[in-house]
Amino acid sequence: MQQILHLLFALTVISLTFCDSSAAEDLTIGGLFCLSGDCSSDGTQSLRGVELAIEEQNNRGGVLGRTLKLVVEDTREGSGGVDAVTAFKKLRADPQIRIFVGPTWSTAAQALAPIIAKDHEIMAISPTVGVSAYHLAGSNIFNSRGTSEATTRALAKLARDKGL
């Protein structure tokens, strides 16, 4: 959770350079999480982590005195990336949302990456997507989960060593 908190904080501070100083007090973050279907367990856990991180940051005074607010859409990623694109477009219609957290699974990430990469007024980070194609699609897309072959091998070795 600390990693998510630090990344949210960094993205929010960076995004303030894009924000109009007359904007609302709240800094609104768009959440793209799979909350129904096969991936709902992963999405729900990611959402809870982000909610806790935002609560913790707000309890510390927010970001530069502004309160973080999360607006969430269900990406329903078990059916592919179409619903994730719809969820993103709905959130993106709000000009106050310039930071996005999510999606949950790679199917949605691959559908969203080219759309997000073209929009240089926003930033996105996923705490769970494991494909490098997501964060490599654009300089405004980040991934807090390791995706390299070395990371995968290290995790496999750890699992083997633990008898999992």
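Predicted model: local features only at pLDDT ≥ 70, side-chain atom pairs only at ≥ 80, totals over all residues.
If you set aside the neighbours within four places in sequence, the residues in contact with S46 are F33, P127 and T128.

Next, select the whole of helix 2 and look at what it lies across, namely strand 1 (27-33), strand 2 and strand 3 (99-101). Relative to strand 2, helix 2 runs at about 170 degrees.

Now show the sheet, which is open and has 5 strands in the order 2-1-3-4-5, paired in parallel fashion. Strand 2 (68-74) and strand 5 (141-143) are the edges, and because each has a single partner strand, one side of each is left without a neighbour in the sheet. On average, neighbouring strands here are turned by 25 degrees against each other, direction ignored.

Move to strand 4 (residues 123-126), which pairs with strand 5 in the parallel sense over 3 bridges. Select S126 together with N143, its bridge partner in strand 5.

From there, go to the loop between strand 3 and helix 4 (106-118), where P103 is found. The peptide bond joining G102 and P103 is cis, with omega at about 5 degrees.

Finish with two residues in loops. L64, between helix 2 and strand 2, has a positive phi of about 50 degrees although it is not a glycine, and this residue is exposed, with a relative accessible area of 64%. R76, in the loop between strand 2 and helix 3 (82-92), also is not a glycine and has a positive phi, near 40 degrees; R76 counts as partly exposed, at 39% relative accessibility.

Definitions and conventions: Residues numbered from 1 in each chain as written. Heavy atoms only, no water. Contact = heavy atoms within 4.5 Å. Pairing = 2+ DSSP bridges. Helix = DSSP H or I, 4+ residues; strand = E, 2+ residues; numbered from the N terminus. Axes fitted to C-alpha atoms, helices over the stretch in contact; angles between N-to-C directions. Buried < 20%, exposed > 50% of the residue type's maximum accessible area, 1.4 Å probe, protein only.
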